[in-house]
Amino acid sequence: MLIGEVARRSGVSARMLRHYESLGLVRPSGRTGSGYREYSGEDMRRIFHIESLRSLGLSLREIGRALDDPGFTPSALVDDLIRQTRDRIAAETELLTRLRRIHAADPAGWEDVLQVVALLQALGSKSADARQRAALSSVDEVPVPVEALVEAALSETEPNVAGALRWALARSGDGSALLAEGLRSPVGAVRERAVQCLAEMPGGEATAQLRDALAHPDVVVRGYAALALGTRGVADAVPVLIEMIVEGRNDTDAADALSVLASDTATADRIATVLVDRLAHDTTKAPARGRLTQALAGIPGTRTSRALVELSHDTDRAVALTAAYLLQLRGAQ
């Protein structure tokens with residue numbers, strides 16, 4: 001076949017075929033009497049092989065090695081191609097994310113674009129001071145997209161920077177859904193940062209996410225959610241708060257949250273009833289019974305007073321003394 005016919009059948013232009021020949025990739029098997037290149041069936045197969053390898057991203061130099069070197073091992077080259085492709089995809093994905101975030105900031109002009117880029121770069125800086133300044137300035141200047149703030153907050157390990165990021169997220173009034181995704185992270189530290197951020201987020205959506213977190217398998221997540229909901233007056237948090245007191249996890253904060261929830265008589269009586277029931281079922285756990293008795297200090301109402309009278313005669317001397325002391329305080333008020 002002449003070069004024109006080969007180009008038509010293979011889809012490779014005559015110019016490219018000549019280029020392949022100049023590189024030694026394809027050598028026509030013969031020439032016609034007029035001196036035109038003549039390609040055999042074997043030449044055609046080699047051209048198809050070249051195009052197949054090009055489709056994998058191999059350079060023409062690598063293709064030449066693959067086809068002509070008997071000792072060539074394709075697995076090593078394919079491994080390298082996989083690594084290069086992953087690196088390229090990662091770089092393109094990072095660029096796409098940055099562009100989407102700039103677009104989400106709705107910049108009015110190039111000055112705004114440059115400002116958003118600078119803030120995004122600062123959020124990813126190795127300097128904690130730079131990250132903190134970026135978090136604090138993200139509200140008053142061109143706003144950083146909430147997605148970037150959430151990503152930064154979930155990865156931040158420096159306490160002061162983390163606090164600034166939580167403040168910025170709370171001021172943004174958005175991000176609850178993204179933070180809820182952080183609660184599903186396999187990394188415990190990320191889940192903890194996510195629920196801490198949600199605890200400082202205002203609004204009904206954040207409260208709803210915190211309610212769902214009360215059933216989270218991670219006790220740390222449940223604890224932060226219960227403490228935050230307690231300060232918001234959400235009675236659903238009571239069982240988790242009492243469990244925290246029994247187990248001695250942030251029990252003082254949990255007792256404070258219960259006292260906030262006990263703002264009306266009906267709720268106070270319900271909380272007192274639950275505390276007394278747990279006292280009755282934790283007779284072999286002296287430390288837990290002591291903490292539960294102390295928690296009654298912040299619960300008003302006659303139900304609590306009656307419980308303290310009974311507990312002042314408890315067989316556990318520490319419980320009895322605590323109950324008697326609390327009764328004295330209530331009488332003095």
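# Helices, salt bridges and cores in a predicted model

Arginine 166 and glutamate 200 form a salt bridge in which the closest N and O atoms are 2.9 Å apart; a salt bridge is here a side-chain nitrogen of Lys or Arg within 4 Å of a carboxyl oxygen of Asp or Glu. This pair links distant parts of the chain, since arginine 166 belongs to helix α9 and glutamate 200 to helix α11, 34 residues apart. Arginine 166 is buried, with a relative accessible area of 16%, whereas glutamate 200, at 39% relative accessibility, counts as partly exposed. Buried means under 20% relative accessible area, exposed means over 50%, and partly exposed lies in between (1.4 Å probe, protein chains only). Helices (H or I, at least four residues) are DSSP runs, numbered from the N terminus.

The structure is a predicted model, in which local features need pLDDT of at least 70 and side-chain atom pairs count only at pLDDT 80 or more, while totals for chains, interfaces and linings use all residues. Residues are numbered from 1 along each chain as its sequence is written, and side-chain values use heavy atoms, with hydrogens and water left out.

At the start of α9, a side-chain oxygen of glutamate 158 comes to within 2.9 Å of the backbone nitrogen of asparagine 160. This is a polar contact, defined as a pair of N or O atoms within 3.5 Å; within protein, one must be able to donate a hydrogen and the other to accept it, and residues adjacent in sequence count only if both atoms are side-chain atoms. After α9 comes glycine 173, with a positive phi near 70 degrees. Besides arginine 166, the buried residues of α9 include Val161, Ala162, Ala164, Leu165 and Leu169. The buried residues of this helix pack against α6 (110-123), α7 (128-137), α8 (146-155), α10 (176-182) and α11 (188-200), where contact means heavy atoms within 4.5 Å.

Helix α10 contains serine 176, which is buried, with a relative accessible area of 3%. Not counting residues up to four places away in sequence, serine 176 touches Leu198, Met201, Glu205, Ala206 and Gln209. Ala206 and Gln209 are also among the buried residues of helix α12 (residues 204-213), together with Thr207, Leu210 and Ala213. Seen down the axis of α12, these residues fall within an arc of 160 degrees, so they line one face of the helix; the arc is that of the directions from the helix axis to the C-beta atoms. The buried residues of α12 are covered by elements including α10, α11 and α13 (219-231). On the face turned away from the buried side, α12 carries the exposed residues Gly204 and Asp212. Glycine 204 has a relative accessible area of 56%, and its C-alpha atom is separated by 9.7 Å from that of serine 176, 28 residues apart along the chain.

A search of the whole structure finds 16 salt bridges. One of them joins arginine 45 to glutamate 42 (2.3 Å, N to O). These two residues are three residues apart in helix α3 (residues 41-54), so about one helical turn separates them. Arginine 45 is partly exposed, at 45%, and so is glutamate 42, at 48%. Aspartate 68 and arginine 46 meet in another salt bridge (2.9 Å, N to O). That pair links helix α4 (residues 60-68), which holds aspartate 68, to helix α3, which holds arginine 46, 22 residues apart. Elsewhere, Glu5, Arg8 and Arg9 are linked in a network of salt bridges.

In soluble globular proteins, nonpolar side chains tend to be buried together. A nonpolar core is a set of buried Ala, Val, Leu, Ile, Met, Phe, Trp, Tyr and Cys residues joined through side-chain atoms within 4.5 Å. The largest such core has 71 residues, of which Leu169, Leu241, Leu258 and Leu275 touch the most other members. Leucine 275 touches Ile242, Leu258, Leu292, Ala295, Leu296 and Ile299, not counting residues up to four places away in sequence.
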